[in-house]
Amino acid sequence: MIYSLDKLNEMAEGDEEFINSVIAVFLDEVPTDLELLEQAIEKKDYGNVYQLAHKIKPNVDLLGMEQTRANALEIETLGKTEGSGDAIDKLFPLLKNDIHQVVSELKKDFNL
């Protein structure tokens, strides 16, 4: 399993509705943010690369996706530097793959 609900369960304190709403927001927002991030990378729009990676980071962190969070943080940091496209190009497929995998798992696990 690529994600863990430990942090979310701790925050929710047993509130299933809260957990379901966080999962719904993740499924609604993160794939869109990922697409926008991919477009920003293609356009070498590093300001948007930074902002979108920054926006994705806490969402994957809530789901205990440590490696994915680390990749988002690295892309965010690289987004501050012009000419870091090659490094971003190497990291983005890892981020994209992890997010697509967790979206699929969440939909299956939560019957969405």
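Author: "Buried" here means under 20% relative accessible area, with exposed over 50% and partly exposed in between (1.4 Å probe, protein chains only). This is a predicted model, with local features needing pLDDT of at least 70, side-chain atom pairs counting only at pLDDT 80 or more, and totals for chains, interfaces and linings using all residues. Residues are numbered from 1 along each chain as its sequence is written, and side-chain values use heavy atoms, leaving out hydrogens and water.

Your part is helix α5, residues 85-109 (helices are DSSP runs of H or I, at least four residues, numbered from the N terminus). Its 25 residues should span 36 Å, and the end C-alpha atoms sit 35 Å apart, so the two agree (1.5 Å times one less than the number of residues). At Leu 91 the helix bends by about 30°, with Pro 93 following within four residues (the angle between axes fitted to the seven residues ending there and the seven starting there). Just past α5, Asn 111 has a positive phi of about 50°.

Now the inward side. Buried residues of α5 include Leu 91, Leu 95, Asp 98, Ile 99, Val 102 and Leu 106. The buried residues pack against α2 (16-43), α3 (46-62) and α4 (66-78) (contact means heavy atoms within 4.5 Å). Leu 106, for one, is touched by Leu 63, which also touches Ile 23 and Phe 26 among others.

Leaving aside residues up to four places away in sequence, Asp 98 touches Ile 2, Met 65, Thr 68 and Asn 71.

How values were computed
Helix = DSSP H or I, 4+ residues; strand = E, 2+ residues; numbered from the N terminus.
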